[in-house]
Amino acid sequence: MIKNLSTFLVGIALICLSGCTPAQKEAAATNEYTPLEVTIPERPAGQQDVIELVTPKLDTVRVGFIGLGMRGPSAVERWTHIPGTKIVALCDLLPENAEKAQKIVTNAGMPAPTLYSGSEDAWKQLCERDDIDLVYIATDWKHHAKMGIYAMEHGKHAAIEVPAAMSLDEIWALINTSERTRKHCMQLENCVYDFFELTTLNMAQQGLFGEVLHVEGSYIHNLEEFWPYYWNNWRLDYNREFRGDVYATHGLGPACQLLNIHRGDRMKTLVAMDTKAVTGPELVKQYQNEEAPDFQNGDHTMTFIRTENGKTIHIQHDVMNPRPYSRMYQLTGTKGFANKYPIEEYCFRPDQIKSDDVPNHENLSMHSAVPEKVKEALMQKYKHPIHQELEETAKKVGGHGGMDFIMDYRLVYCLRNGLPLDMDVYDLAEWCCMADLTRLSIENGSAPVAVPDFTRGGWNKVDGYHHAFAK
(Lines give C-alpha, C1' and ligand atoms only; values in the text may rest on other atoms or scores of the structure.)
Protein backbone atom coordinates (compact mmCIF):
# COMPACT_ATOMS: atom_id res chain seq x y z
CA MET A 1 0.00 0.00 0.00
CA ILE A 2 1.33 3.46 -0.93
CA LYS A 3 1.08 6.19 1.70
CA ASN A 4 1.44 9.93 1.14
CA LEU A 5 1.10 9.55 -2.65
CA SER A 6 -1.28 12.48 -2.91
CA THR A 7 1.05 14.66 -0.84
CA PHE A 8 3.95 13.74 -3.08
CA LEU A 9 2.05 14.41 -6.32
CA VAL A 10 0.73 17.72 -5.06
CA GLY A 11 4.25 18.73 -4.09
CA ILE A 12 5.57 17.84 -7.53
CA ALA A 13 2.76 19.77 -9.19
CA LEU A 14 3.54 22.87 -7.14
CA ILE A 15 7.24 22.74 -7.87
CA CYS A 16 6.54 22.35 -11.58
CA LEU A 17 4.51 25.58 -11.72
CA SER A 18 6.19 28.39 -13.62
CA GLY A 19 6.82 30.42 -10.47
CA CYS A 20 7.70 28.78 -7.16
CA THR A 21 6.77 30.67 -4.02
CA PRO A 22 9.47 31.57 -1.49
CA ALA A 23 8.13 28.85 0.83
CA GLN A 24 8.40 26.26 -1.93
CA LYS A 25 11.92 27.35 -2.73
CA GLU A 26 12.84 27.11 0.96
CA ALA A 27 11.35 23.61 1.19
CA ALA A 28 13.29 22.51 -1.87
CA ALA A 29 16.51 23.99 -0.50
CA THR A 30 16.16 22.11 2.79
CA ASN A 31 15.29 18.82 1.05
CA GLU A 32 11.87 18.66 2.69
CA TYR A 33 9.88 16.14 0.73
CA THR A 34 7.77 13.10 1.41
CA PRO A 35 8.85 9.96 -0.45
CA LEU A 36 6.38 7.28 -1.38
CA GLU A 37 6.07 4.81 1.47
CA VAL A 38 4.97 1.22 1.77
CA THR A 39 3.40 -0.24 4.86
CA ILE A 40 5.70 -1.80 7.45
CA PRO A 41 3.61 -4.41 9.28
CA GLU A 42 3.93 -4.54 13.03
CA ARG A 43 5.94 -7.42 14.41
CA PRO A 44 3.49 -10.10 15.57
CA ALA A 45 3.13 -10.42 19.32
CA GLY A 46 5.68 -12.68 20.93
CA GLN A 47 8.22 -12.40 18.12
CA GLN A 48 11.67 -10.83 18.29
CA ASP A 49 14.27 -10.13 15.66
CA VAL A 50 16.76 -12.73 14.45
CA ILE A 51 19.75 -10.39 14.21
CA GLU A 52 22.87 -12.46 14.99
CA LEU A 53 20.65 -15.53 15.40
CA VAL A 54 22.44 -18.63 16.67
CA THR A 55 20.94 -22.10 16.71
CA PRO A 56 22.12 -25.36 18.30
CA LYS A 57 25.26 -26.83 16.74
CA LEU A 58 24.78 -29.60 14.20
CA ASP A 59 27.36 -32.38 14.11
CA THR A 60 26.17 -33.28 10.63
CA VAL A 61 24.14 -30.95 8.40
CA ARG A 62 21.51 -33.13 6.76
CA VAL A 63 20.25 -31.47 3.60
CA GLY A 64 17.46 -31.87 1.08
CA PHE A 65 17.57 -30.19 -2.34
CA ILE A 66 14.54 -28.88 -4.22
CA GLY A 67 15.00 -27.94 -7.87
CA LEU A 68 17.48 -29.89 -9.96
CA GLY A 69 17.30 -28.16 -13.30
CA MET A 70 19.89 -25.46 -13.99
CA ARG A 71 21.48 -24.60 -10.63
CA GLY A 72 20.57 -27.56 -8.45
CA PRO A 73 22.85 -30.29 -9.85
CA SER A 74 26.01 -28.22 -9.42
CA ALA A 75 25.00 -27.47 -5.84
CA VAL A 76 24.54 -31.18 -5.15
CA GLU A 77 27.98 -31.87 -6.60
CA ARG A 78 29.59 -29.18 -4.44
CA TRP A 79 28.03 -30.60 -1.29
CA THR A 80 29.70 -33.96 -1.92
CA HIS A 81 32.98 -32.12 -1.13
CA ILE A 82 31.88 -30.49 2.14
CA PRO A 83 32.73 -32.43 5.31
CA GLY A 84 30.10 -32.86 7.99
CA THR A 85 27.16 -33.09 5.60
CA LYS A 86 24.72 -35.73 4.41
CA ILE A 87 22.56 -35.42 1.29
CA VAL A 88 19.32 -37.02 2.44
CA ALA A 89 16.75 -36.23 -0.25
CA LEU A 90 16.41 -34.74 -3.74
CA CYS A 91 13.31 -33.31 -5.41
CA ASP A 92 12.42 -32.09 -8.86
CA LEU A 93 9.20 -31.98 -10.83
CA LEU A 94 10.87 -34.05 -13.55
CA PRO A 95 11.91 -37.57 -12.41
CA GLU A 96 14.89 -37.65 -14.78
CA ASN A 97 16.39 -34.55 -13.14
CA ALA A 98 16.16 -36.13 -9.70
CA GLU A 99 17.68 -39.36 -10.96
CA LYS A 100 20.64 -37.57 -12.57
CA ALA A 101 21.32 -35.71 -9.34
CA GLN A 102 21.13 -38.95 -7.38
CA LYS A 103 23.91 -40.36 -9.57
CA ILE A 104 26.09 -37.39 -8.69
CA VAL A 105 25.83 -38.44 -5.04
CA THR A 106 26.33 -42.17 -5.54
CA ASN A 107 29.24 -41.59 -7.94
CA ALA A 108 30.91 -39.70 -5.08
CA GLY A 109 30.68 -42.89 -2.99
CA MET A 110 27.80 -41.68 -0.82
CA PRO A 111 24.46 -43.37 0.00
CA ALA A 112 21.69 -42.75 -2.51
CA PRO A 113 19.33 -39.97 -1.38
CA THR A 114 15.57 -40.49 -1.44
CA LEU A 115 13.93 -39.04 -4.56
CA TYR A 116 10.73 -37.00 -4.83
CA SER A 117 9.24 -36.05 -8.20
CA GLY A 118 6.27 -36.27 -10.52
CA SER A 119 4.01 -33.93 -8.58
CA GLU A 120 4.02 -30.16 -8.09
CA ASP A 121 3.63 -30.80 -4.36
CA ALA A 122 6.31 -33.49 -4.03
CA TRP A 123 8.67 -30.94 -2.43
CA LYS A 124 6.37 -30.72 0.58
CA GLN A 125 7.08 -34.37 1.40
CA LEU A 126 10.79 -33.57 1.47
CA CYS A 127 10.22 -30.67 3.87
CA GLU A 128 8.08 -32.83 6.13
CA ARG A 129 10.81 -35.41 6.78
CA ASP A 130 12.20 -35.47 10.31
CA ASP A 131 15.77 -36.30 9.27
CA ILE A 132 16.59 -33.07 7.42
CA ASP A 133 18.11 -29.95 9.00
CA LEU A 134 18.36 -27.71 5.95
CA VAL A 135 16.30 -27.34 2.77
CA TYR A 136 18.28 -25.99 -0.19
CA ILE A 137 15.95 -24.37 -2.75
CA ALA A 138 17.06 -23.88 -6.36
CA THR A 139 13.78 -23.73 -8.29
CA ASP A 140 12.34 -20.93 -10.43
CA TRP A 141 11.90 -17.59 -8.65
CA LYS A 142 8.14 -17.83 -8.23
CA HIS A 143 8.39 -20.82 -5.89
CA HIS A 144 11.30 -19.66 -3.73
CA ALA A 145 9.47 -17.87 -0.92
CA LYS A 146 6.64 -20.33 -0.35
CA MET A 147 9.08 -23.24 -0.24
CA GLY A 148 11.30 -21.42 2.24
CA ILE A 149 8.32 -20.64 4.45
CA TYR A 150 7.07 -24.23 4.36
CA ALA A 151 10.54 -25.55 5.20
CA MET A 152 10.88 -23.29 8.25
CA GLU A 153 7.37 -24.11 9.40
CA HIS A 154 8.42 -27.77 9.41
CA GLY A 155 11.48 -27.16 11.54
CA LYS A 156 14.11 -26.74 8.83
CA HIS A 157 16.59 -23.99 8.08
CA ALA A 158 16.09 -22.58 4.58
CA ALA A 159 18.74 -21.68 2.01
CA ILE A 160 17.14 -20.08 -1.03
CA GLU A 161 18.63 -19.24 -4.41
CA VAL A 162 18.55 -15.65 -5.63
CA PRO A 163 16.27 -13.82 -5.62
CA ALA A 164 14.66 -15.47 -2.63
CA ALA A 165 11.53 -13.29 -2.77
CA MET A 166 9.90 -11.25 -5.51
CA SER A 167 7.45 -9.09 -3.57
CA LEU A 168 7.21 -7.24 -0.27
CA ASP A 169 4.47 -9.61 0.85
CA GLU A 170 6.80 -12.58 0.31
CA ILE A 171 9.63 -10.78 2.08
CA TRP A 172 7.60 -10.01 5.20
CA ALA A 173 6.28 -13.58 5.24
CA LEU A 174 9.84 -14.94 5.21
CA ILE A 175 10.92 -12.52 7.95
CA ASN A 176 7.96 -13.33 10.17
CA THR A 177 8.40 -17.07 9.69
CA SER A 178 12.11 -16.91 10.51
CA GLU A 179 11.45 -14.79 13.61
CA ARG A 180 8.60 -17.02 14.77
CA THR A 181 10.33 -20.37 14.18
CA ARG A 182 13.86 -19.13 15.11
CA LYS A 183 15.17 -20.85 11.98
CA HIS A 184 17.79 -19.42 9.65
CA CYS A 185 16.60 -18.15 6.30
CA MET A 186 19.57 -17.37 4.07
CA GLN A 187 19.66 -16.20 0.49
CA LEU A 188 22.29 -18.03 -1.55
CA GLU A 189 24.13 -14.93 -2.78
CA ASN A 190 27.44 -16.21 -4.09
CA CYS A 191 29.00 -12.95 -5.31
CA VAL A 192 29.83 -11.74 -1.80
CA TYR A 193 32.43 -14.54 -1.70
CA ASP A 194 34.22 -13.74 -4.95
CA PHE A 195 37.92 -13.15 -4.53
CA PHE A 196 38.23 -9.47 -5.42
CA GLU A 197 35.09 -8.60 -3.47
CA LEU A 198 36.06 -10.37 -0.26
CA THR A 199 39.62 -9.05 -0.40
CA THR A 200 38.34 -5.51 -0.94
CA LEU A 201 35.86 -5.89 1.91
CA ASN A 202 38.75 -6.88 4.18
CA MET A 203 40.70 -3.82 3.04
CA ALA A 204 37.69 -1.63 3.79
CA GLN A 205 37.26 -3.16 7.23
CA GLN A 206 40.94 -2.50 7.92
CA GLY A 207 40.39 1.18 7.06
CA LEU A 208 42.42 1.25 3.85
CA PHE A 209 39.79 3.25 1.94
CA GLY A 210 39.00 5.65 4.79
CA GLU A 211 35.27 6.20 5.07
CA VAL A 212 33.44 4.42 2.26
CA LEU A 213 31.01 6.95 0.77
CA HIS A 214 29.72 5.48 -2.49
CA VAL A 215 29.40 1.95 -3.87
CA GLU A 216 28.18 0.53 -7.16
CA GLY A 217 26.96 -2.85 -8.34
CA SER A 218 25.06 -4.38 -11.20
CA TYR A 219 23.88 -7.44 -13.01
CA ILE A 220 24.81 -6.79 -16.62
CA HIS A 221 24.78 -10.17 -18.34
CA ASN A 222 23.42 -10.85 -21.80
CA LEU A 223 21.34 -14.01 -21.35
CA GLU A 224 20.79 -14.78 -25.03
CA GLU A 225 22.45 -18.20 -24.82
CA PHE A 226 20.48 -19.08 -21.68
CA TRP A 227 16.91 -18.06 -22.54
CA PRO A 228 16.01 -21.45 -24.15
CA TYR A 229 16.99 -23.35 -20.99
CA TYR A 230 14.69 -21.69 -18.47
CA TRP A 231 11.91 -24.17 -17.81
CA ASN A 232 8.68 -23.05 -19.53
CA ASN A 233 10.31 -19.67 -20.31
CA TRP A 234 9.76 -18.63 -16.69
CA ARG A 235 12.51 -16.00 -16.55
CA LEU A 236 11.58 -14.23 -19.77
CA ASP A 237 7.92 -14.36 -18.75
CA TYR A 238 8.82 -12.71 -15.44
CA ASN A 239 10.47 -9.79 -17.21
CA ARG A 240 7.46 -9.57 -19.49
CA GLU A 241 5.09 -9.27 -16.53
CA PHE A 242 7.08 -7.12 -14.09
CA ARG A 243 8.93 -3.84 -14.32
CA GLY A 244 11.94 -2.80 -12.24
CA ASP A 245 15.24 -4.31 -11.13
CA VAL A 246 14.05 -7.88 -10.73
CA TYR A 247 17.56 -9.29 -10.13
CA ALA A 248 19.53 -6.86 -8.01
CA THR A 249 21.17 -9.13 -5.48
CA HIS A 250 24.49 -9.92 -7.22
CA GLY A 251 25.41 -6.25 -7.35
CA LEU A 252 23.67 -5.09 -4.21
CA GLY A 253 24.91 -7.78 -1.81
CA PRO A 254 28.61 -6.88 -1.88
CA ALA A 255 27.72 -3.16 -1.86
CA CYS A 256 25.60 -3.54 1.28
CA GLN A 257 28.33 -5.42 3.13
CA LEU A 258 30.76 -2.57 2.39
CA LEU A 259 28.28 -0.08 3.91
CA ASN A 260 27.31 -2.20 6.96
CA ILE A 261 23.66 -2.21 5.99
CA HIS A 262 21.48 -3.04 9.03
CA ARG A 263 24.69 -3.21 11.01
CA GLY A 264 25.04 0.50 11.71
CA ASP A 265 23.45 1.96 8.58
CA ARG A 266 20.37 1.28 6.50
CA MET A 267 19.07 2.00 3.02
CA LYS A 268 16.66 4.92 3.39
CA THR A 269 15.45 6.15 -0.02
CA LEU A 270 15.71 5.05 -3.64
CA VAL A 271 14.95 6.44 -7.08
CA ALA A 272 14.75 4.21 -10.17
CA MET A 273 14.34 4.67 -13.89
CA ASP A 274 14.52 2.47 -16.97
CA THR A 275 14.74 2.55 -20.73
CA LYS A 276 11.89 1.47 -22.93
CA ALA A 277 11.51 -2.25 -23.68
CA VAL A 278 12.99 -3.07 -27.09
CA THR A 279 14.96 -6.32 -26.92
CA GLY A 280 12.54 -7.98 -24.47
CA PRO A 281 9.59 -8.05 -26.91
CA GLU A 282 11.91 -9.28 -29.66
CA LEU A 283 12.94 -12.20 -27.44
CA VAL A 284 9.31 -13.16 -26.88
CA LYS A 285 8.78 -13.13 -30.63
CA GLN A 286 11.90 -15.26 -31.13
CA TYR A 287 11.34 -17.87 -28.41
CA GLN A 288 7.56 -17.90 -27.98
CA ASN A 289 6.45 -16.90 -31.46
CA GLU A 290 4.09 -14.16 -30.34
CA GLU A 291 3.96 -10.38 -30.14
CA ALA A 292 4.52 -8.76 -26.74
CA PRO A 293 3.34 -5.15 -26.86
CA ASP A 294 2.64 -5.48 -23.12
CA PHE A 295 6.28 -6.30 -22.22
CA GLN A 296 6.85 -4.52 -18.92
CA ASN A 297 10.54 -4.47 -18.04
CA GLY A 298 12.80 -1.92 -19.66
CA ASP A 299 15.96 -3.18 -21.28
CA HIS A 300 18.17 -1.28 -18.83
CA THR A 301 17.25 -0.27 -15.27
CA MET A 302 19.15 2.08 -12.94
CA THR A 303 18.58 2.57 -9.22
CA PHE A 304 20.07 5.19 -6.92
CA ILE A 305 19.92 4.63 -3.16
CA ARG A 306 20.74 6.91 -0.22
CA THR A 307 21.44 5.53 3.24
CA GLU A 308 20.59 6.82 6.70
CA ASN A 309 24.23 7.90 7.17
CA GLY A 310 24.41 9.81 3.89
CA LYS A 311 26.14 7.15 1.77
CA THR A 312 25.01 6.32 -1.79
CA ILE A 313 24.58 3.19 -3.90
CA HIS A 314 24.14 2.87 -7.67
CA ILE A 315 22.70 -0.40 -9.06
CA GLN A 316 22.07 -1.40 -12.69
CA HIS A 317 20.29 -4.30 -14.41
CA ASP A 318 20.51 -5.33 -18.07
CA VAL A 319 20.13 -8.92 -19.28
CA MET A 320 18.90 -8.01 -22.75
CA ASN A 321 21.59 -6.28 -24.78
CA PRO A 322 25.17 -6.95 -25.96
CA ARG A 323 27.56 -5.83 -23.23
CA PRO A 324 30.55 -7.42 -21.52
CA TYR A 325 29.56 -9.17 -18.32
CA SER A 326 29.77 -6.81 -15.34
CA ARG A 327 28.75 -6.66 -11.70
CA MET A 328 30.45 -3.23 -11.57
CA TYR A 329 31.59 -3.60 -7.94
CA GLN A 330 33.07 -0.23 -7.22
CA LEU A 331 33.68 1.79 -4.10
CA THR A 332 34.74 5.35 -3.46
CA GLY A 333 36.21 6.22 -0.07
CA THR A 334 37.83 9.27 1.43
CA LYS A 335 41.26 7.66 1.13
CA GLY A 336 40.93 5.16 -1.70
CA PHE A 337 39.01 3.63 -4.57
CA ALA A 338 38.36 0.10 -5.87
CA ASN A 339 36.91 -1.14 -9.13
CA LYS A 340 36.47 -4.70 -10.44
CA TYR A 341 35.02 -4.25 -13.93
CA PRO A 342 36.21 -3.96 -16.65
CA ILE A 343 39.61 -4.31 -14.93
CA GLU A 344 40.51 -4.88 -11.31
CA GLU A 345 42.22 -1.81 -9.90
CA TYR A 346 42.85 0.18 -6.75
CA CYS A 347 43.74 3.80 -6.15
CA PHE A 348 44.86 5.24 -2.80
CA ARG A 349 46.22 8.30 -1.14
CA PRO A 350 49.94 7.46 -1.07
CA ASP A 351 50.16 7.88 2.71
CA GLN A 352 47.60 5.06 3.13
CA ILE A 353 50.13 2.47 1.97
CA LYS A 354 53.29 1.74 3.94
CA SER A 355 56.40 1.78 1.79
CA ASP A 356 57.57 -1.55 3.16
CA ASP A 357 54.23 -3.21 2.29
CA VAL A 358 54.39 -2.83 -1.50
CA PRO A 359 56.93 -2.35 -4.28
CA ASN A 360 57.14 0.88 -6.31
CA HIS A 361 55.65 2.94 -3.51
CA GLU A 362 56.99 6.13 -5.09
CA ASN A 363 54.71 5.58 -8.11
CA LEU A 364 51.48 5.86 -6.12
CA SER A 365 49.18 8.80 -6.80
CA MET A 366 45.57 9.79 -6.17
CA HIS A 367 44.58 10.02 -9.83
CA SER A 368 45.78 6.72 -11.25
CA ALA A 369 45.53 3.04 -10.42
CA VAL A 370 48.34 1.46 -8.45
CA PRO A 371 50.80 -0.58 -10.56
CA GLU A 372 49.94 -4.24 -11.07
CA LYS A 373 52.67 -5.46 -8.70
CA VAL A 374 51.36 -3.14 -5.99
CA LYS A 375 47.84 -4.45 -6.51
CA GLU A 376 49.05 -8.05 -6.28
CA ALA A 377 51.00 -7.31 -3.11
CA LEU A 378 48.01 -5.63 -1.49
CA MET A 379 45.64 -8.45 -2.43
CA GLN A 380 48.04 -10.96 -0.93
CA LYS A 381 48.52 -8.92 2.25
CA TYR A 382 44.76 -8.39 2.71
CA LYS A 383 43.57 -11.80 1.57
CA HIS A 384 40.50 -12.55 3.64
CA PRO A 385 40.80 -15.30 6.29
CA ILE A 386 38.01 -17.20 4.51
CA HIS A 387 40.06 -17.27 1.33
CA GLN A 388 43.22 -18.15 3.21
CA GLU A 389 41.42 -21.28 4.36
CA LEU A 390 39.34 -22.17 1.32
CA GLU A 391 40.72 -20.63 -1.87
CA GLU A 392 42.71 -23.63 -3.07
CA THR A 393 39.92 -26.12 -2.45
CA ALA A 394 37.27 -23.76 -3.81
CA LYS A 395 39.04 -23.34 -7.13
CA LYS A 396 39.35 -27.12 -7.47
CA VAL A 397 35.70 -27.80 -6.67
CA GLY A 398 34.51 -24.83 -8.72
CA GLY A 399 31.16 -23.12 -9.02
CA HIS A 400 31.60 -19.72 -10.64
CA GLY A 401 35.32 -19.91 -10.04
CA GLY A 402 34.94 -21.22 -6.50
CA MET A 403 32.70 -18.66 -4.86
CA ASP A 404 29.72 -21.05 -4.89
CA PHE A 405 31.68 -23.63 -2.92
CA ILE A 406 32.79 -21.01 -0.38
CA MET A 407 29.16 -19.90 0.03
CA ASP A 408 28.00 -23.46 0.74
CA TYR A 409 30.98 -24.25 2.95
CA ARG A 410 30.42 -21.15 5.08
CA LEU A 411 26.75 -22.04 5.51
CA VAL A 412 27.70 -25.49 6.77
CA TYR A 413 30.53 -24.11 8.92
CA CYS A 414 28.21 -21.70 10.73
CA LEU A 415 25.49 -24.32 11.27
CA ARG A 416 27.98 -26.84 12.62
CA ASN A 417 29.56 -24.29 14.98
CA GLY A 418 26.36 -22.61 16.17
CA LEU A 419 27.34 -19.22 14.69
CA PRO A 420 25.35 -16.44 13.06
CA LEU A 421 25.23 -16.96 9.29
CA ASP A 422 27.13 -14.62 6.98
CA MET A 423 23.79 -13.48 5.51
CA ASP A 424 20.52 -13.32 7.43
CA VAL A 425 16.88 -12.91 6.51
CA TYR A 426 17.17 -9.11 6.65
CA ASP A 427 19.95 -9.19 4.05
CA LEU A 428 17.58 -11.28 1.96
CA ALA A 429 14.85 -8.69 2.43
CA GLU A 430 17.00 -5.65 1.66
CA TRP A 431 18.53 -7.13 -1.46
CA CYS A 432 15.25 -8.53 -2.80
CA CYS A 433 13.01 -5.53 -2.08
CA MET A 434 14.47 -3.74 -5.09
CA ALA A 435 12.04 -5.62 -7.35
CA ASP A 436 8.92 -4.08 -5.80
CA LEU A 437 10.37 -0.72 -4.79
CA THR A 438 12.04 0.09 -8.11
CA ARG A 439 8.80 -0.76 -9.89
CA LEU A 440 6.96 1.63 -7.59
CA SER A 441 9.44 4.41 -8.29
CA ILE A 442 9.43 3.90 -12.06
CA GLU A 443 5.65 3.70 -12.32
CA ASN A 444 5.38 7.01 -10.47
CA GLY A 445 7.72 8.99 -12.69
CA SER A 446 10.94 7.94 -10.92
CA ALA A 447 9.62 9.24 -7.61
CA PRO A 448 11.67 8.77 -4.41
CA VAL A 449 10.55 5.70 -2.46
CA ALA A 450 11.29 5.02 1.21
CA VAL A 451 13.04 1.69 1.84
CA PRO A 452 11.39 -0.14 4.75
CA ASP A 453 13.39 -0.97 7.85
CA PHE A 454 12.96 -4.73 7.68
CA THR A 455 14.59 -5.13 11.09
CA ARG A 456 11.76 -3.00 12.55
CA GLY A 457 14.13 -0.92 14.66
CA GLY A 458 17.14 -3.20 14.99
CA TRP A 459 19.30 -1.87 12.15
CA ASN A 460 21.75 -0.18 14.55
CA LYS A 461 22.16 -3.02 17.09
CA VAL A 462 25.31 -4.44 15.48
CA ASP A 463 28.40 -2.29 14.92
CA GLY A 464 29.68 -3.18 11.47
CA TYR A 465 29.45 -6.22 9.21
CA HIS A 466 31.63 -9.20 10.10
CA HIS A 467 31.98 -12.93 9.48
CA ALA A 468 31.72 -15.19 12.50
CA PHE A 469 34.48 -17.69 13.33
CA ALA A 470 34.67 -20.46 15.90
CA LYS A 471 37.14 -19.75 18.68
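Reader: How many salt bridges does the count come to?

Author: This is a predicted model. A salt bridge is read from the distance between a side-chain nitrogen of Lys or Arg and a carboxyl oxygen of Asp or Glu, with a cut-off of 4 Å. By this rule the count is 30 salt bridges.

Reader: What is the distance between the closest N and O atoms of R129 and D131?

Author: The closest N and O atoms of R129 and D131 are 2.8 Å apart, and the two residues form a salt bridge.

Reader: Is R129 buried or exposed, and how does D131 count?

Author: The limit for buried is under 20% relative accessible area. R129 has 19% relative accessibility and therefore counts as buried. D131, at 23%, counts as partly exposed.

Reader: Where in the model do E372 and K375 lie?

Author: Both are in helix α12, which spans residues 372-381. They are three residues apart, so about one helical turn separates them. E372 and K375 form a salt bridge, with 3.2 Å between the closest N and O atoms. As for accessibility, E372 is partly exposed, its relative accessible area being 45%, whereas K375 is buried at 9%.

Reader: Which helix holds E443 and R439?

Author: Helix α16, residues 434-443, holds both. E443 and R439 are four residues apart, about one turn of the helix. Their side chains meet in a salt bridge, at 3.2 Å from N to O. E443 is partly exposed, with a relative accessible area of 42%, and R439 is partly exposed too, with 25%.

Reader: Which residues are linked with D194 in a network of salt bridges?

Author: E197, R327 and K340 are linked with D194 in that network.

Reader: Now the cysteines. How many disulfides does the count come to?

Author: A disulfide is a covalent bond between the sulfur atoms of two cysteines. In this model the count comes to zero disulfides. C185, for one, is in no disulfide: the nearest cysteine sulfur, that of C432, is 9.4 Å away. C185 is buried, with a relative accessible area of 2%.

Note on methods. Residues are numbered from 1 along each chain as its sequence is written. This is a predicted model: local features need pLDDT of at least 70, side-chain atom pairs count only at pLDDT 80 or more; totals for chains, interfaces and linings use all residues. Side-chain values use heavy atoms; hydrogens and water are left out. Buried means under 20% relative accessible area, exposed over 50%, partly exposed in between (1.4 Å probe, protein chains only). Helices (H or I, at least four residues) and strands (E, at least two) are DSSP runs, numbered from the N terminus. A disulfide is a pair of cysteine sulfur atoms within 2.5 Å.
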